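My notes follow the structure.

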Amino acid sequence: MTSRHFSRRALARNGLALAGALTFAGSAWAQTDIAAELAKPSVLGDEVLGKADAPVTIIEYASMTCSHCAHFHEKTFPILKSKYIDTGKVRFILREFPLDPLATAGFMLARCAGPGKYYPVTDLLFDQQENWAFVDKPVDALLATVKQAGFTQESFEACLKDQKIFDAINATRQLASDKLGVNSTPTFFINGKIQRGAIEPEALEKLIDPLLNKS
């Protein structure tokens, strides 16, 4: 083998190694950027369930009119809450990613409901989604639904006219799309790792328990 052949082969190997190192470095930087972005509260501030120092943080980007999101909150979330959130193992944050104006309205009402009522209202809307999101007169049905949470016609209309809340919810959605690559709902970040699609109850342990064992 000539020195010229050796040099070319060595350069090729070095080039591959360098490319691999740059790819790894780029991936590491990307993960750092995602972690930093996730750590920032949403535009209106995060509504948090669970202990601040829980070893696992789950952030869900959802739409109030997303049937897969409703499925998660009906089937999986109660188990997540009782087994992991209420026991101090998971810190949970729901963030707004409305897919249509009706979903934006639902989130606006949850934000307008008052201290401690964000999750009761989102739970109510997910539980009764078929009664208001997929009907002929959805706005009327939405009003009838949130009256169960204490809204009146006046407070309902005032909330939906609040431009600040409207803009903030859509800004949260835009940031998630631009900075985190969220393009569908539900999308979860579990200790920073993305998980797309509704999580079934049987998948919870496989996703969460290994992270608890590391802590």
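Is the disulfide of Cys112 and Cys159 right-handed or left-handed? I looked up the torsion about its S-S bond, which is about 90 degrees, so the disulfide is right-handed.

Before going on, I noted that this is a predicted model, where local features need pLDDT of at least 70, side-chain atom pairs count only at pLDDT 80 or more, and totals for chains, interfaces and linings use all residues. Residues are numbered from 1 along each chain as its sequence is written, and side-chain values use heavy atoms, with hydrogens and water left out.

I searched the whole structure for disulfides (a pair of cysteine sulfur atoms within 2.5 Å) and found 1. The sulfur atoms of Cys112 and Cys159 are 2.1 Å apart. This pair links distant parts of the chain, 47 residues apart: Cys112 is in helix 3 (residues 101–112) and Cys159 in helix 7 (residues 153–160). I took helices as DSSP runs of H or I, at least four residues, and strands as runs of E, at least two, numbered from the N terminus.

Next I checked accessibility, with a 1.4 Å probe and protein chains only: buried means under 20% relative accessible area, exposed over 50%, partly exposed in between. Cys112 is partly exposed because its relative accessibility is 28%, while Cys159, at 3%, is buried. I also looked up Cys66, which is buried at 6%, and Cys69, buried at 0%.
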